[in-house]
Amino acid sequence: MTMFDQEPETSADNADARLDALLSIAPRLEPDDAFRAELLAGFDVRSRRARSRISLSLFADAFGWRGLSRPVAAFSLLAGVCATGFVAGASATPGDRETYAALAEAFDQSFDLNVENANWAEE
Amino acid sequence: MTDDEDSDEALIVRAGRGDRLAAGALIARHSPKVLALCGRILFDRAGAEDAAQETFLKLWENAARWKPQGARLETWLYRVASNACFDRLRRRKREAPEEEAGDVIDGAPAADEEIAENDRRRALEVALAALPERQRIAVTLCHYQELSNIEAAQTMEISVEAVESLLARARRSLKESLLGLKEELLEGVR
């Protein structure tokens, strides 16, 4: 192998070595105390915001039921309450319905006047 | 056991519950590397600090529901920081497209002056800044942050082969732009 054959390889090695050396002098930013304090202030802001938000996860943590903190679980709970109310309302007994009707009539502001009119007409 | 001896995962869980000491320990442990990464991608202290701040804010937001998914916290932080830097680079390009290429150093100026280290740094900055974004991030992660190619691939969410290809192209471009410099410029770094 001649010197000329070796030259390109040596030159490539030199180029690599030079590049590595040059890359090693690149400046490195170091965080100062003020910057660290800024990062911690960001944490404080986020913590305050989290504390001021009353969420289901708070109750979930308290009762140890993590599933409640998921949005789907919360909506399911709400839907369950509504469905129970609807079913309970629909399955009211006839006696209850009469009571409700009487109560509704009692709350009707024109009830007394109607009764008076009816009585007067009868007389 | 002190905070510094705690694992990242334990510290995140505590930070997620509002533990300030744990957050401080995470900042002390990871902010130097995150800031260095951002600085080497953006070449601008203010921009790098903004990107690092954004990265840590995302960490606090995710701390309460943090789940280790195979990736280390460091890798996750690098990924978020790289994306934050990407966004800033794109914004810069939109705002001042002509400045992105930088002043190409051709070795002509300052031939007779004494070349200081600052000049070499500047030359390197310009050469790195001229690289496409992903090549720059690959060089920064592998060379400066000393991540393995596998870790860099995880950080950049690409394959190891793609990282290797980016590095090879970056080194070729850097050699072309830097090795054209005058001998005097490179003398001090041999």
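In this predicted model, helix 2 and helix 6 (residues 133-144) of chain B have axes that come within 10 Å of each other and cross at roughly 140 degrees. Because angles over 145 degrees would count as roughly antiparallel and those from 65 to 115 as roughly perpendicular, helix 2 of chain B is classed as oblique to helix 6 of chain B. The crossing of these two helices of chain B is right-handed.

**The contact of helix 2 with helix 6 in chain B**

- On the side of helix 2 of chain B, the contact is made by B:Ala36, B:Leu37, B:Arg40 and B:Ile41, while helix 6 of chain B brings B:Arg136, B:Ile137, B:Thr140 and B:Tyr144 to meet them.
- Sorted by class, the residues in this contact of helix 2 with helix 6 of chain B are 5 nonpolar, 1 polar and 2 charged.

**The largest nonpolar core**

- The largest nonpolar core holds 53 residues, and the members that touch the most others are B:Ala15, B:Cys38, B:Ala51, B:Ala52, B:Ala81, B:Ala138 and B:Ala152.
- Helix 2 of chain B, which spans residues 20-42, supplies the largest share of this core, with 12 residues.
- For B:Ala15, when its neighbours within four places in sequence are left aside, the residues in contact with it are B:Ala22, B:Ala23, B:Leu26, B:Trp60 and B:Ala63.

**Chain B as a whole**

- The secondary structure of chain B consists of 9 helices and 0 strands, so that, read from the N terminus on, its elements run α-α-α-α-α-α-α-α-α.
- Chain B has 190 residues, of which buried residues make up 37%.
- When the contacts in chain B between residues at least 6 apart in sequence are considered, 63% of them join residues that are at least 24 apart.

**Where chain A touches chain B**

- Between the two chains, 22 residues of chain A are in contact with 33 residues of chain B.
- On the side of chain A that touches chain B, the elements giving two or more residues are helix 1 (3-23) and helix 2 (33-52) of chain A, and helix 2 of chain A provides the largest share, 9 residues.
- By class, the residues on this side of chain A divide into 14 nonpolar, 2 polar and 6 charged.

Conventions: Residues numbered from 1 in each chain as written. Chains lettered and ligands numbered in written order. Predicted model: local features only at pLDDT ≥ 70, side-chain atom pairs only at ≥ 80, totals over all residues. Core = buried A, V, L, I, M, F, W, Y, C linked by C-beta atoms within 7 Å. Buried ≥ 20, exposed ≤ 12 C-beta atoms within 10 Å, placed from the backbone. Helix = DSSP H or I, 4+ residues; strand = E, 2+ residues; numbered from the N terminus. Contact = placed C-beta atoms within 7 Å. Axes fitted to C-alpha atoms, helices over the stretch in contact; angles between N-to-C directions. Parallel < 35°, antiparallel > 145°, perpendicular 65-115°, else oblique. Left-handed = near helix turned anticlockwise from the far one by under 90°. Nonpolar A, V, L, I, M, F, W, Y, C, P; charged D, E, K, R; others polar.
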